[in-house]
There are 2 protein chains.
Amino acid sequence: MLFHGLSAFPITPADPRGRVDIDALNSLVRRIDEAGAESVGLLGSTGSYMYLNREEKRRAIEAAVDCLGGRTPVIVGVGSLRTDQSIALAQDARDAGAQGLLLAPVSYTPLGDDEVFEHFAAVATATDLPLCVYNNPGTTHFSVSNTLLRRLAGVANIVAVKNPALPAADMVAAHRATQSAVPADFAIGYSGDWLVADAILSGGVAWYSVIAGLLPEPAVKLMRAAQAGDRAETQRISALFEPLWALFRELSSYRVVHAAANLLDLSRFDPPRPILPLSPADRQRVTAALDALSSV
Amino acid sequence: MLFHGLSAFPITPADPRGRVDIDALNSLVRRIDEAGAESVGLLGSTGSYMYLNREEKRRAIEAAVDCLGGRTPVIVGVGSLRTDQSIALAQDARDAGAQGLLLAPVSYTPLGDDEVFEHFAAVATATDLPLCVYNNPGTTHFSVSNTLLRRLAGVANIVAVKNPALPAADMVAAHRATQSAVPADFAIGYSGDWLVADAILSGGVAWYSVIAGLLPEPAVKLMRAAQAGDRAETQRISALFEPLWALFRELSSYRVVHAAANLLDLSRFDPPRPILPLSPADRQRVTAALDALSSV
């Protein structure tokens, strides 16, 4: 059941040279554990995996695994532009005690389905850890079709997918189409915080959540309401999140959640350049959106 | 006049672990020098800059500069996802004796204009080398608008742009629009081999060429015909290149030129995984396309 429930993706606080702030990371991870999320999604897009070097990623994984002491499992993003690098990162994650892997088809030269298939097969079979296909076309510029997902589901250790959630009107049909492509025990989960409540109500078994990495308590409440099929409570909590999610859509969740972490004194650092910190005016809007969440 | 004329972009032959084959690189660079191209474009997209680590890139630059002995200048691609990394790569290129820099706005988290501007300003002013803006939306997923280019042209050391060439019907207007955005001495050049002859006939001052990295002699002939405004000779040579360029469009120039380098015994290695080598059937098509070029 590793790829089920709420997976909380913390930022990876790091100084301007890319050195991870282990104390700050531990604080974030501890909050997730205490709030009762089902897993920590370390080094996802939110966790800057494409901006940190191998040594710093290893430090982050070791610290998080150590901090959690086995209570909450750790899923680690191991995407990179090279197959051999992703294999090395997967082995690092295993050696550090992680429980699962998350692999995105990162590209520079645009990739074809056969290339992505071979890449995933090589990384998935390099360790015994279960692996989730991280389908994130907005950053990788590669979309994992259901045809490709069916092939990937036949590879040893590939047991789950993290798909982008769609608007509510399209979600039920999209979820059924994905289900029909994979075995019954293949775990279909979703990301895209502002759309995920409907994805869970439509049958998704996991929420891969940016905001749960920073504010795990209200995120757990939202997830429990959606899992229970309680549409009224789901809508009530979603409405409280909406000001923050409007900023996610406008400014990107990556920038907003880094600014929010600073405002909440959970990180001292900005995102890595060339990403710029939010303007003072936008930071004020983030403060207002965070205030709205106090009544969850 | 560094960013004028024919800039030939060789592949960077490397073993499956990403170790550069210096002998093979030197052979490619020597061919470019002997054919009379105006510059070598080292570590461009064709030269796998996003797939090689800093140490290997430094080895490649040092070898190429040494091999050329100052006869043909070397322009080095220094793009990366982090500003501090691109600064370090630019300083490595300067220390190794390169004559110019090429910087692409590589992205994972999608970037805004202000972020790209600050990134370019930081890298361009980190050395005294002249820098060309490498606008390559097909791989970076960021398009440098003329509005942004105007701002960039005001930064010290930023003196040129490498834009994607457009179909002939749009090329004159596009070139004029770019010209109107930048100072008169700003060098506007083009990439996209199969479209570049018209871009030069339209006033472009540089051809940043994939095929010139492998077959510099016929590429020089095409460039000289276009520079002379000889439309008949330009069309005659372009027609001989067309079978190869049809394969560039279908399979990507990156894959095709790696296969062609193997077929011509100029490299022993395939591109880095996850990029797959061409199928035997496609390799036969490359052989046929290369044969067509013997009559240039």
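This note goes through a predicted model with chains A and B, from the whole chain to single residues.

1. Conventions. Residue numbers start at 1 in each chain as its sequence is written, while chains are lettered from A and ligands numbered from 1 in the order in which they are written. Because the model is predicted, local features need pLDDT of at least 70 and side-chain atom pairs count only at pLDDT 80 or more, whereas totals for chains, interfaces and linings use all residues.

2. Overall form of chain A. Chain A has 12 helices and eight strands; these are DSSP runs, with helices being H or I of at least four residues and strands being E of at least two, numbered from the N terminus. Its radius of gyration is 18 Å, close to the 19 Å from the globule rule for 296 residues, so chain A is as compact as a globular protein of that length. The radius is taken over C-alpha atoms, and the rule is 2.2 Å times the number of residues to the power 0.38. Along the principal axes, the C-alpha atoms of chain A fill a box of roughly 45 × 45 × 35 Å.

3. Burial and contacts in chain A. Of the 296 residues in chain A, 53% are buried. A residue is buried if 20 or more other C-beta atoms lie within 10 Å of its own, exposed if 12 or fewer, and partly exposed in between, with C-beta atoms placed from the backbone. Among the contacts in chain A with a separation of 6 or more, 77% are between residues 24 or more positions apart. Two residues are in contact if their C-beta atoms, placed from the backbone, lie within 7 Å.

4. The interface. In chain A, 25 residues are in contact with 25 residues of chain B. Helices α3 (83–95) and α4 (113–124) of chain A each supply at least two residues of the side that touches chain B, and α4(A) gives the most, with five residues. By class, this side of chain A has 11 nonpolar, seven polar and seven charged residues. Here Ala, Val, Leu, Ile, Met, Phe, Trp, Tyr, Cys and Pro count as nonpolar, Asp, Glu, Lys and Arg as charged, and the others, Gly among them, as polar.

5. Symmetry. Chain A is superposed on chain B by a rotation of 180° with 0.0 Å of shift along its axis, at an RMSD of 0.0 Å. The two copies are thus related as by a two-fold rotation axis. The same surface serves both copies, since 100% of the contact residues of chain A recur in chain B. The superposition is by least squares on the C-alpha atoms of residues with pLDDT of at least 70 in both copies. Of the residues of chain A, His141(A) comes closest to the rotation axis, with its C-alpha at 4.1 Å.

6. Cis peptide bonds. The bond from Arg273(A) to Pro274(A) is cis, with omega near 20°. Pro274(A) lies in the loop between α11 (253–263) and α12 (280–292) of chain A. In chain B, a cis peptide bond joins Arg273(B) and Pro274(B), with omega about 20°.

7. Positive phi. Asp265(A) is not a glycine, yet has a positive phi of about 60°. Asp265(A) is also in the loop between α11 and α12 of chain A, and counts as exposed with 9 C-beta neighbours inside 10 Å. Ser48(B), likewise not a glycine, has a positive phi of about 60°. Ser48(B) sits in the loop between β2 (39–42) and α2 (54–68) of chain B and counts as buried, with 28 C-beta neighbours inside 10 Å.

8. Asp21(A). This residue is in the loop between β1 (5–8) and α1 (22–35) of chain A, and is partly exposed, with 18 C-beta neighbours inside 10 Å. The C-alpha atoms of Asp21(A) and Phe269(A) are separated by 8.8 Å, although the two are 248 residues apart along the chain. Leaving aside neighbours within four places in sequence, the contacts of Asp21(A) include Pro13(A), Arg268(A) and Phe269(A).

9. Helix α7 of chain B. In α7(B), Met171(B), Ala174(B), His175(B) and Thr178(B) are buried. They cover an arc of only 105° around the axis, which puts them on the same side of α7(B); the arc is that of the directions from the helix axis to the C-beta atoms. Exposed residues on the other side of α7(B) include Ala169(B), Arg176(B) and Ser180(B). The buried residues of α7(B) pack against α6 (146–153), β6 (158–164), β7 (187–191) and α8 (193–201) of chain B.
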